[in-house]
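Hi there,

Here is the structure I promised to pass on to you. Have a look at it first, and then read my notes below.

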Amino acid sequence: MSHVIDCARALELMQDWLRQEVTPAHAAELEAHLGRCAACRGHAEFESRFRAALERAAGDEECPAETRARLLAALTREQQG
Amino acid sequence: MADVADFETQVLPHLDTLYRVGRRLTGESADAEDLVQESLLRAWRGWGGFTAGSNVRAWLLTILRNTFISRWRSRRREGTPVSLDDADPNAILRAVQTEDPEGNFFDRVVDAQVLAAVEALPEEYREAVVLSDLEGLPYAEVAQVLAVPVGTVKSRLFRARRLLQRSLHDHAVELGILKGTP
C-alpha cells in the first residue's frame with residue numbers, strides 16, 4: 001500500500017524518477033499521483049525535455065589526441081623519475 | 001613499487017571522463033589539460049593507497065576535484081553569479097513553464113548555451129550537475145566524490161536544475177524563441 005503524495009512531493013521525486021534512480025515504492029507513489037494530476041503530468045513532460053537537452057549537451061567529447069599524448073608523456077616521465 | 005601496467009590499465013580508460021569534467025570545472029581547455037595532468041601524477045603517486053576492486057572512477061574524480069580546489073579554484077574566472085534568493089525552487093519551474101508548458105524551447109537551445117549555463121552555476125551546484133547530469137554518475141558516486149551525503153547531492157541538484165531551467169528560459173526569450181511574460 002503506497003502513500004498518497006502531494007504535488008510538492010511529486011516534484012521532489014520526479015527528477016529521480018526520470019533518471020530511474022528511485023525506489024520501486026516511490027516510483028509507485030509518483031505514478032499514482034501522475035495518474036490523477038494533470039498539472040504534474042505537464043511538469044513531467046517539461047522535466048523530461050529539460051533532461052534531454054542536458055544529455056544532448058553532455059555529448060561524448062574525447063580528450064584530444066595531442067593532449068592525450070602530452071599527458072601520457074608527463075606520466076611516463078613521472079613513472080621513470 | 002607500484003605497477004605501471006596495472007595503473008594504466010585501470011586509469012587510462014577514464015581519461016576522457018577526467019578531461020570532460022576538467023573542462024567543465026575550469027571552463028578552459030588549456031587549464032583542463034593542466035588539471036588532468038596534475039591529477040594523473042597525484043593518482044600515480046597515490047596508487048599504492050588505492051584499494052583494489054573499489055571504484056577507480058570515483059577515486060580519480062575525487063583526486064581531480066581536490067586538485068581543482070587546491071590549485072585552480074582561486075584562478076577560475078567566475079561567470080555572472082546566479083541569484084539564489086528564490087525561496088521556492090518550484091516557483092521558478094511554474095514561472096518558466098507558463099508560456100511553453102511542454103518545454104519545447106529546450107529542443108531549440110543549442111548545446112553550447114546549455115554548457116555555458118552549467119558553467120555559470122555557483123560551484124557547488126556546477127560540480128553536482130557536471131558529475132550527475134552530464135557524466136551520468138549515480139547519486140551515490142557523486143556523493144562519494146563530493147564527500148557529502150546523498151541527500152545533499154539531491155538537494156543541490158534540485159536547486160541547480162531549477163536555476164538552469166530559468167537560465168535557458170531567459171536565453172530562449174533573448175533569442176525570441178519565447179516572448180517572455182511582460
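Between which two helices of chain B does B:Ala147 lie? B:Ala147 sits in the loop that links helix H8 (139-146) and H9; helices here are DSSP runs of H or I with at least four residues, numbered from the N terminus.

Some background: this is a predicted model, in which local features need pLDDT of at least 70 and side-chain atom pairs count only at pLDDT 80 or more, while totals for chains, interfaces and linings use all residues. Residues are numbered from 1 along each chain as its sequence is written, and chains are lettered from A and ligands numbered from 1 in the order in which they are written.

Most residues other than glycine have a negative phi. B:Ala147, however, has a positive phi, near 55 degrees. B:Ala147 is exposed, because 10 other C-beta atoms lie within 10 Å (exposed means 12 or fewer, buried 20 or more, partly exposed in between, with C-beta atoms placed from the backbone). In chain A, A:Gln20 has a positive phi of about 60 degrees and lies in the loop between helix H1 (7-18) and helix H2 (24-36).

Enjoy exploring!
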